Amino acid sequence: MITCHLKYVIDPYQLAVFEDYGKRWIKIVNRLGGQHHGYFMPSEGANNIAYALFSFPSLTDYENYRKQMFSKDDQECVEAFKLAEDTRCIISYERTFLSPLFE
């Protein structure tokens, strides 16, 4: 299993837009074979940092998701990317891949 951890720097004045963006990607990731673990929005502390976690059974499955995600044929992905681009609700992001450890 591979888990993607995303750290977002977001526009704190566009939280509602970013939440819409996140809800779209939760559905997309799940539809394309992953398991989304949710978005974690600012609460106490920094008002411009959010996180997301999602997993795929393998790195190969993640790479297949990436191919599908960037396909211009997937209208849901196109619309989600356009939302972020048009509103600039995301200032930057960092992506890290993790392997979970269980008992």
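Reader: Which residue in E3 is the bridge partner of Thr-3?

Author: This is a predicted model, in which local features need pLDDT of at least 70 and side-chain atom pairs count only at pLDDT 80 or more, while totals for chains, interfaces and linings use all residues. Residues are numbered from 1 along each chain as its sequence is written, and side-chain values use heavy atoms, with hydrogens and water left out. Helices (H or I, at least four residues) and strands (E, at least two) are DSSP runs numbered from the N terminus, and two strands pair if DSSP finds at least two bridges between them. E1 and E3 run antiparallel and are joined by 8 bridges, and the partner of Thr-3 in E3 is Ser-55.

Reader: How many bridges join E1 to E4, and which residue of E4 is the partner of Val-9?

Author: E1 and E4 run antiparallel, and the bridges that join them number 8. Within this pairing, the bridge partner that Val-9 has in E4 is Ser-92.

Reader: Why do the buried residues of H1 line one face of the helix?

Author: The buried residues of H1 are Phe-18, Tyr-21, Gly-22, Trp-25, Ile-28 and Val-29. Seen down the axis of H1, they line one face because the directions from the axis to their C-beta atoms fall within an arc of 125 degrees.

Reader: Which exposed residues does the face of H1 turned away from its buried side carry?

Author: What covers the buried residues of H1 includes strands E1, E2, E3 and E4 together with helices H2 and H3. On the face turned away from that buried side, the exposed residues are Ala-16, Lys-23 and Lys-27.

Reader: Where is Gln-14, and which residues does it touch beyond those up to four places away in sequence?

Author: Gln-14 has its place in the loop between E1 and H1, and it counts as buried because its relative accessibility is 18%. Not counting residues up to four places away in sequence, Gln-14 touches Thr-87, Arg-88 and Cys-89.

Reader: How many aromatic pairs does the count come to, and what is the angle between the planes of Tyr-8 and Phe-18?

Author: Rings of Phe, Tyr and Trp (its six-membered ring) pair if their centres lie within 6.5 Å, and planes under 30 degrees apart count as stacked, over 60 as edge-to-face and the rest as tilted. By this rule the count comes to 16 aromatic pairs. Tyr-8 and Phe-18 form an edge-to-face pair, 5.0 Å from centre to centre, and the angle between their planes is 70 degrees.

How values were computed: Buried means under 20% relative accessible area, exposed over 50%, partly exposed in between (1.4 Å probe, protein chains only). Contact means heavy atoms within 4.5 Å.
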